[in-house]
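User: I am new to this structure and would like to go through it in questions and answers. Please show it to begin with.

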Amino acid sequence: MSHTRHQSPRTSIRTAGSRPPVAPAAAGHPLVRGPRRTVELTAVQAMALLGGAPLGRIVFTRRALPAVRPVNHLLDGGQIVIRTHRDSDLFHQARQHGGLGVVVAYQADDIDPLTHLGWSVVATGYCRPVTDPEDLLRYQRLIRPWPDRPMEAAVRVSPDLVTGVRLTA
């Protein structure tokens, strides 16, 4: 699966009361004026966008409060797979609940900071540890985590509720 990501320069900070956003003419960016609209995505459209995203955010419970971590992922058979370490809170909770799993959310987006156009997707479902040794080896080859520490475990999120929006001009 190839991943492409649109990169664009940062915009300047606007103050409250300033005019609606107008992206300056920049290389590769159309001049976009006026308000943005949100268009609801189907679950299939949302998962296709998620599959092409290079990173996302896993949302889980830590000490009875929401915790959010940026992670990279892959889609495998409609499930979101994330590598982690065995002593992480996420892995501990997923393992503790066994085959039932623990409820999490996974969010990814690609919103251009100049034009404010793009998309956002949230997948909510049950997170379970990956227990098959062959699957673990395969995920170790396919997913390169960012932290400089061993990531000997992995979890799968089985999305039960997938929502998404596209921001258009």
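Analyst: A residue is called buried under 20% relative accessible area, exposed over 50%, and partly exposed in between (1.4 Å probe, protein chains only). This is a predicted model, where local features need pLDDT of at least 70, side-chain atom pairs count only at pLDDT 80 or more, and totals for chains, interfaces and linings use all residues. Residues are numbered from 1 along each chain as its sequence is written, and side-chain values use heavy atoms, with hydrogens and water left out.

User: What percentage of the residues of the protein chain count as buried?

Analyst: The protein chain has 169 residues. By the cut-off of under 20% relative accessible area, the buried part is 39%.

User: What share of the contacts with a separation of 6 or more is between residues 24 or more positions apart?

Analyst: A contact means heavy atoms within 4.5 Å. Among contacts in the protein chain with a separation of 6 or more, the share from residues 24 or more positions apart is 71%.

User: Why do the buried residues of α2 line one face of the helix?

Analyst: Helix α2 spans residues 89-96, and its buried residues are L90, F91, Q93 and A94. Seen down the helix axis, with directions taken from the axis to the C-beta atoms, these residues line one face because they fall within an arc of 165 degrees.

User: Which strands are among what covers the buried residues of α2, and which for α1?

Analyst: For α2 the cover includes β2 (56-62), β5 (79-84), β6 (102-111), β7 (118-129) and β8 (153-168). In α1, residues 43-52, the buried residues are A46, M47, L49, L50 and G51. Their cover includes β4 (74-76), β5, β6, β7 and β8.

User: With which side chains does the side chain of Q107 make polar contacts?

Analyst: Q107 is in strand β6 and is buried, at 16% relative accessible area. A polar contact is a pair of N or O atoms within 3.5 Å; within protein, one must be able to donate a hydrogen and the other to accept it, and residues adjacent in sequence count only if both atoms are side-chain atoms. Leaving aside neighbours within four places in sequence, Q107 is in contact with G56, R57, S120, V121 and V122. Its side chain makes polar contacts with those of R57 (2.6 Å) and D109 (2.9 Å).

User: Is R63, with its positive phi, buried or exposed?

Analyst: Most residues other than glycine have a negative phi. R63, with phi near 55 degrees, lies in the loop between β2 and β3 (65-71). At 70% relative accessibility, R63 is exposed.

User: Where is H116, and what is its phi?

Analyst: H116 is partly exposed, with a relative accessible area of 28%. The loop between β6 and β7 holds H116. H116 is not a glycine, yet its phi is positive, at about 60 degrees.

User: Which residues are closest to the centre of the largest pocket?

Analyst: On a 1 Å grid over the protein atoms alone, a pocket is an open set of points where a 1.4 Å probe fits, with protein on both sides within 12 Å along at least five of seven lines; lining residues have an atom within 4 Å of a point. The largest pocket holds about 350 Å³, a volume being the space filled by probe spheres set on the points. β2, β3, β5 and α2 each supply at least two lining residues. Of the 19 residues in the lining, the closest to the centre are R69, V71, T84, H85 and S88.

Notes: Helices (H or I, at least four residues) and strands (E, at least two) are DSSP runs, numbered from the N terminus.
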